[in-house]
Every structure is written in structure tokens, then in C-alpha cells.
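Open the model in your viewer and keep the selection panel at hand. The tour goes chain by chain, one selection at a time.

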Amino acid sequence: MISLANDRYGTMTTKRTDSQVTSACERLAVDLSAYFDGELEGKALGVVEQHLSGCAACTEKLEKLKQLRAAMAGLSAPASRRGSVLSLLRSELQGGGALKPPVKRTES
Amino acid sequence: MVMQETMSEPGVTQAADAGAAESHAHDHRLVAAFKNGDQAAFEELWLKYEQRVFHHCLRMVGDEQESQDLTQDVGVKVIRNIKNYEHTYAFYTWLYRITVNCCIDFLRKKRRHAQEVSLTPNSDDDGGEQASEHNIRDETFMPDKTLLNLELSDVMNRAIAQLSEKLRAIIVLKEVDGFSYEEIADILDCSRGTVKSRLFRARERLKELLEPYVLDS
């Protein structure tokens, strides 16, 4: 809700309350996550960008998403994997009845 | 497969798209050859994706031997079901769908087995979202326990292991495999909106689990 108040000169002004900021942040939380992934377009993108320009809390949330991404990027595949399972799959290939009989590939 | 990056340059995206299109076309040629009995075509196709399949399984189940077994299971399923693959979508979409389903089935069986031997009453099977988070809690992943000596990757792996199967699958598809929302929606056969909201929930849950350790408060 936007609260309307009279300033000292009796002029109506709009004042953003704390609950309004929080509810806007909550409303945009899912879109913020999509914005981080570069998956927002059009009006939704504009709304989030405008919100970010004035919201330190959501800017901080973006930073935490970056940290999370960096932490997951550090989960590389192990160097010592036990080798391909292809040799184990060959018996399935040779025993499979759904395929046509194997043909030799001609090298081009 | 195009790695999504925020704020990517159009030229880079176009080049990446062209490369991805050629890759898809090559996959389709290999699949067609394989369906005609060319086993070497399957081998080439498999070796192209095997490491990624293994890596996905490893991030989902957390154990190397189990991941190796699951990778083999995926390969067997590809061989047995290749006749059902239609070219209406990319081969890797179909491959990853098999991979994700294999991992989720494995995790659910593991969870049910743990429930069967547990003395704790079971909750309803709601896709694992609550059950996996409450019945197979890693007792060593507690904020008051000393985990300072663990590497970040250990903490991260433990946190991922606390996610339900659905949330785990989506965070791995995005952050480990690098798929776009559209690709993930194709793989999981769900809407883009579902991908968006489920990914948000996965991140929120991970942030909660990691807050005491890695993220600045």
C-alpha cells in the first residue's frame, strides 16, 4: 500500500513504507532468480531492472546468487574416473535384437 | 547445447547457436546410422556425452561407483530405446531425460530403502520433497558441528545431497550441466514456468543450508 501523507506545506506526497519494499522484493524474488540466469525478457526484465536500481537488498541477493554459482562451478568432475563404460555396453550392443545387423563403416 | 550466460554478446550467442545446430545435426546422423546397425556410430555418440552423463550422475547421487553404475544404466537404456527416439528434439535432450530419470529412480529407491529400515514413521511420497529432506538428513551437516576443515566442495556436495530429488535435478541441470530454461523444460518435460519457480526454490534451500558456511551474512 502506498501511504498518502501531507507534508508540512499541506501537499500530498507518496511515501514508500518498509512493508511495501519487502512485499515488492518478495513478489520479484522468482523473477530475480530468472534475471540472474539471463532468462527474463520484455516487461518483466524492465520491472526487475528498475527495482534493482533502488533496492540494496535485492542487489545483495544477486551477489549471493553469484557466490552460489561460483561455489557450484568449483564442483569439477573427478580427475580419477574409472574409465569409460563403453566396453560394458558393447555386450548390450552385440546382444540387442532391436537393431539391424551391424554393418561396417566405410571411411570417407 | 548452448551455455547460457547473463548479458552475453549477440555475436558470441550467434556463433554458439550455429555450433550447437551443427552438433545436433551430427548427433542425428549418428543416431540414424546407429539405428541402421552401425555400432561405431553409437560409440562415437556415446563417447561424446559419456563424461557429462557421469558428471551429472555424480552431482545427483554423490558416489563415484554408484555414478559409474548409473552411467552404464543410462547407456543400456539408450541402446534398448533408441528405436523410440524421434528427431523432433535434440538427442542430448532425450539422453539427459534418461539420465535424470535414472538418477531420480535410484535416489527414490535408496530413500524408500532407508525408510523401510528406519523406525521413523513415513510421510506420503510427495515426489521426495519433504521425505528426502527429513528422513535422510545428513546428521553431520549441522550448523553447530565443526565443518571448518572441510573444503568448500565438500560442504557444497553435502548441501546438494540435502535437496529433494526434483530440486537437486534442476539445480544440477542448470549449474553443472549449464542448460537454459527451455532446454531444462524439454528434458524434464515441464513448462518453462515450472523450471523458473523450481530453480528459485532450489537456490533458496541451498542458501539456507550454506548460510552458516560460505555465504557472507
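**Chain A: start at the ends**

Select residues 1-17 of chain A: pLDDT stays under 50 along this stretch, and the model gives it 13 contacts beyond four places in sequence. Next, select residues 97-108 of chain A. Here too the pLDDT is below 50, with 13 contacts in the model beyond near neighbours in sequence. This is a predicted model. Where pLDDT is low, the predicted coordinates should not be read in detail.

Now colour chain A by confidence. Over the chain, pLDDT averages 75, and 62% of the residues score at least 70.

**Chain A: the fold**

Switch to cartoon. Chain A has four helices and two strands. From the N terminus on, their order is β-β-α-α-α-α. Chain A has 108 residues, of which 14% count as buried. Take the contacts in chain A between residues at least 6 apart in sequence: 33% of them join residues at least 24 apart.

**The cores**

Move to chain B and show side chains for Cys57(B), Cys103(B), Ala169(B), Ile170(B), Ile171(B) and Ile184(B). These have the most contacts inside the largest nonpolar core, which has 54 residues. Centre on Cys57(B). Beyond its neighbours within four places in sequence, Cys57(B) is in contact with Ser67(B), Leu70(B), Thr71(B), Thr99(B) and Cys103(B).

Then go back to chain A and select Leu28(A), Tyr35(A), Phe36(A) and Val48(A). They are among the eight residues of a second, separate core.

**Chain B: a loop and a helix**

Select Asp189(B). It sits in the loop between helix H8 (181-188) and helix H9 (192-210) of chain B. Check its backbone: phi of Asp189(B) is near 55 degrees, a positive value in a residue other than glycine. Is Asp189(B) buried or exposed? With 11 other C-beta atoms within 10 Å, Asp189(B) is exposed, because the limit for exposed is 12 or fewer.

Finish on H9(B). Now select the buried residues of H9(B): Val195(B), Lys196(B), Arg198(B), Leu199(B), Ala202(B), Arg203(B), Arg205(B), Leu206(B), Leu209(B) and Leu210(B). As you look along the axis, keep the helix repeat in mind. An α-helix has 3.6 residues a turn, so residues three or four places apart point the same way.

Key
Residues numbered from 1 in each chain as written. Chains lettered and ligands numbered in written order. Predicted model: local features only at pLDDT ≥ 70, side-chain atom pairs only at ≥ 80, totals over all residues. Buried ≥ 20, exposed ≤ 12 C-beta atoms within 10 Å, placed from the backbone. Contact = placed C-beta atoms within 7 Å. pLDDT = per-residue confidence, 0-100. Core = buried A, V, L, I, M, F, W, Y, C linked by C-beta atoms within 7 Å.
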